Amino acid sequence: MRRFCASIIGRKLMKFKKLIAVVLGALAIPFAAIAGEDSQLTVEGQLMVTSVAAPAHMENVDKIFSGWVFRKDETQALQMDDFDNPAFIFIDKAIDTFNKVEGTAGKACVSCHESPEVFKGLRASMPRVNSSGELETIPELVNGCRTERMGAEKWKWSGGSMAGIVGLIGLQSRGMFVDVAIDGQASSMWEKGKELYYTRVGQLNMSCANCHEDNYGNMIRADHLSMGQINGFPTYRLKNAKLNTIHGRFKGCMKNIRATPYKEGGDEFKALELYVASRSNGLTVETPSVRN
Amino acid sequence: MKFTRRDTMAIGGAAALTTILPSLSSAAIPVNELIMGVTGGADAASTGISLTAPEIAENGNTVPISIDAPGAVAITVMAAGNPRPGVATFNFGAGSASQSATTRIRLAGTQDVVAVAEMADGSFATAHQTVKVTIGGCGG
Amino acid sequence: MAKGVKARVKVPKTAAAGESVTLKTLISHKMESGLRKDSDGNKIPQSIINRFTCSFNGNTVIDVKMAAAISTNPYFAFDAVVPEAGEFHFTWYDDDGSIYEEKKSVKIA
């Protein structure tokens, strides 16, 4: 009986030793591999602004940082070259889509928009309020064209086709300053977005701010928490090896805190998109970026 | 088996601090065995080949690696802890300017990445490196 | 033919005779490993690109045997010699029998 107990204790000690070894090993890993806030991002020779004084409307933060800053060296390097950046396969596909005739009107995007370059500057100030007083986002503009002018079917908000085209359009504003309007007609939706940002939801009872304002720069398990900026969206995530959209990521974040996500393309996410975009006013558009 | 409060707290505390996926060493094939598998039992020199891989991978889905072995005919890359160790074999032809290549691989967890070069004279060279693979952050 | 496979290659347009150039290749492909399960718990069968080759004017530059551990959207960068003007020929072989090809010419500067 005593020998039996001794062997159990012996095994427990072994288990602890192994755990302790793993823990010590984990703590000893140098975090130098994670690039600091001092690194500079140039893409195809163009210098991006990845850190800047926070816009006046942000009360709790002095400086804002692009998500690029929080990733490891190897991931950062992927974004610096348009060939190494895997997002560009999807941009290439989107160019094909841009030129493809679809729908009852027998048109392609290119039939009216002579090249993707005509969209230069658009993404930098989206979402925005249109002349009818509605807040509009790029996917809505695309689907509007498809259904009303091409006689084609709507695309899913975060499906591959939409993500690619939004990425292609966004690329035309790369290097330009994010500059979304938060006043005038936009202010009521902006306030709604701000409230959503700071409201705790879900089983884990967390708000966007809990991670992305209170804890950016800290590690959440082994992930380096960013400020949750969207100036690089749609982004190629290493995690799923494809382009990810803004509302797609909002939905994912809400699922991670065990909340019922709002609808992609719905009023809540659009308001949130406006508010979150305004938190990056002053950073440059990085679409299509590379993230974890 | 009954855990005392002390046990539970100790295990819980230690587990909470463990952010790195535990090494797949118990399930991994020993590095020497992988090397022998390529050389057919012959020895492999530890110089003449370089393997570049991150110390900590941002995401196990896409880990950039490079291999370089001047004068090699072929380089075989293996991942000791993956469900299947084979990753790729690079065969260099007369048109190659160097016996080097860069690619991106999948690693199931923290493990050794092993490269074995077969030289033109039939000899072998090998290099290996542990790559730590981290768990994603928010569970997302 | 696996759906939506698209290749990109980066090849300089000109080179000096005998110069060594770096080539980069990327192809969109899921590289389904054969280890994933679908929502019913059934294994999704393997479907990967299992081989990549590059040749110049018929001479092999590199020939890569690929396993499922190569990441989705396989990427390769390697060096080739350009002895004279000619054409690089890139080929990817899919498990399903499809072959994807790209060609790029190089002039001598």
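In chain A, helix α7 (residues 187–198) and helix α10 (residues 267–278) have axes that come within 7 Å and cross at roughly 90°. The model is predicted: local features need pLDDT of at least 70 and side-chain atom pairs count only at pLDDT 80 or more, whereas totals for chains, interfaces and linings use all residues. Residues are numbered from 1 along each chain as its sequence is written, chains are lettered from A and ligands numbered from 1 in the order in which they are written, and side-chain values use heavy atoms, with hydrogens and water left out.

- Axes are lines fitted to C-alpha atoms, for helices over the stretch in contact, and angles run from 0 to 180 degrees between N-to-C directions; helices are DSSP runs (H or I, at least four residues) and strands are runs of E of at least two, numbered from the N terminus.
- Contact (heavy atoms within 4.5 Å) involves residues including A:W190 and A:Y197 of α7(A), and A:L272 and A:Y275 of α10(A).
- By class, this contact has 10 nonpolar, 2 polar and 4 charged residues (Ala, Val, Leu, Ile, Met, Phe, Trp, Tyr, Cys and Pro count as nonpolar, Asp, Glu, Lys and Arg as charged, and the others, Gly among them, as polar).

**Helix α3(A) with helix α6(A)**

- Helix α3 (residues 87–99) and helix α6 (residues 160–171) of chain A pack at about 100°, with their axes 8 Å apart.
- That angle makes α3(A) roughly perpendicular to α6(A).
- Among the residues in contact are A:F90 and A:I91 of α3(A), together with A:L168 and A:L171 of α6(A).
- The contact of α3(A) with α6(A) comprises 9 nonpolar, 3 polar and no charged residues.

**Interface of chain C with chain A**

- Chain C contributes 13 residues and chain A 14 residues to the contact.
- About 1,200 Å² is buried between chain C and chain A, with carbon and sulfur atoms giving 58% (buried area is the accessible area, with a 1.4 Å probe, that two parts lose on being put together, summed over both).
- In chain C, C:K6, C:R8 and C:N73 lose the most area to chain A, together 51% of what that side buries.
- There are 5 salt bridges between chain C and chain A (a side-chain nitrogen of Lys or Arg within 4 Å of a carboxyl oxygen of Asp or Glu).
- One salt bridge joins C:R8 to A:D92, with the closest N and O atoms 2.7 Å apart.

How values were computed
Parallel < 35°, antiparallel > 145°, perpendicular 65-115°, else oblique.
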